[in-house]
Amino acid sequence: MEPPSSSSHVQPQDVTYRENSVFAESFPSSAFEDAPEVLVEDRRWRSYIASPEKLVWRALAACTDYGKQPSSVVLSTDRVVKRLNGEHRGKHRPTNVLTFEPPPGIPGGDIILALETVVREAHKAGKPVSHHLAHLIVHGSLHLAGYDHHHAGEAREMEMLESRLLSRLGVPNPWKPRS
C-alpha cells in the first residue's frame, strides 16, 4: 500500500520538547541493510518525541529477529488513519496503528500511526508518549511478521514477545499494571 500523499514530509522545526526520551542515542545503522523510511507527516509528533525517527528505527531494530520489517513507517494523524481504516477495514474511526502487508513477493509493508490517538492513550495510561509509540511500532512489526491477537493464546504470546522486545529498549512492560 502506498503511504498517504496528502501531507508532505515535515522537516525538523524549532519545538519545545516535553519529554526527554531514552531513545535519543544514535540508531545502529548496521541493524538494517536498507533502513525503513520514516515519514513524519505532522510536526506535532516532534513536540512529544524529540527524535521520532530514531525511536522508530530503534524499536524496529529490536524486532529484527522476528521476521519482516516494514519498508515505511508513517507518523500521521487521526484524520488520515480514520480514512484508511474506513477504506481498507470498513471501520470508520481512527485507531492507534494500522499495518499493511505488501503484495505477495514484495518485501516490507507499512505501519501508520495516528498522533492524537497515540497521545491520548499514553496520557490515559500514565506513560510517556515515546514508550507508547515504541510499543505500537513493535506491535505493528510483529503483525508484519505474522503474529496476531484474535484469540487469547495468540494475544498472550504476542504480549509476552512485545514486553521482551520492549525491555531491550528500556521500556517497561506495557501489560503490567503500574503501581
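Author: Helices here are DSSP runs of H or I with at least four residues, strands are runs of E with at least two, and both are numbered from the N terminus. Histidine 139 is found in one of these, helix α5 (residues 129–144). The model is a predicted one, where local features need pLDDT of at least 70, side-chain atom pairs count only at pLDDT 80 or more, and totals for chains, interfaces and linings use all residues. Residues are numbered from 1 along each chain as its sequence is written, and side-chain values use heavy atoms, with hydrogens and water left out.

Reader: Why does histidine 139 count as buried?

Author: Its relative accessibility is 14%. Buried means under 20% relative accessible area, exposed means over 50%, and partly exposed lies in between (1.4 Å probe, protein chains only). Histidine 139 is under the cut-off, so it counts as buried.

Reader: And what makes histidine 149 partly exposed?

Author: Histidine 149, in the loop between α5 and α6 (152–167), has a relative accessibility of 37%. That value falls between the two cut-offs, so the residue is called partly exposed.

Reader: How do you know that the side chains of histidine 149 and histidine 139 are joined by a polar contact?

Author: A polar contact is a pair of N or O atoms within 3.5 Å; within protein, one must be able to donate a hydrogen and the other to accept it, and residues adjacent in sequence count only if both atoms are side-chain atoms. The pair here is at 3.3 Å, so it is within the limit.

Reader: Which residues does histidine 139 touch, not counting those up to four places away in sequence?

Author: They are Val97, His149, Met158 and Glu162, where contact means heavy atoms within 4.5 Å.

Reader: Back in α5, why is histidine 132 called buried?

Author: Histidine 132, also placed in helix α5, has a relative accessible area of 8%.
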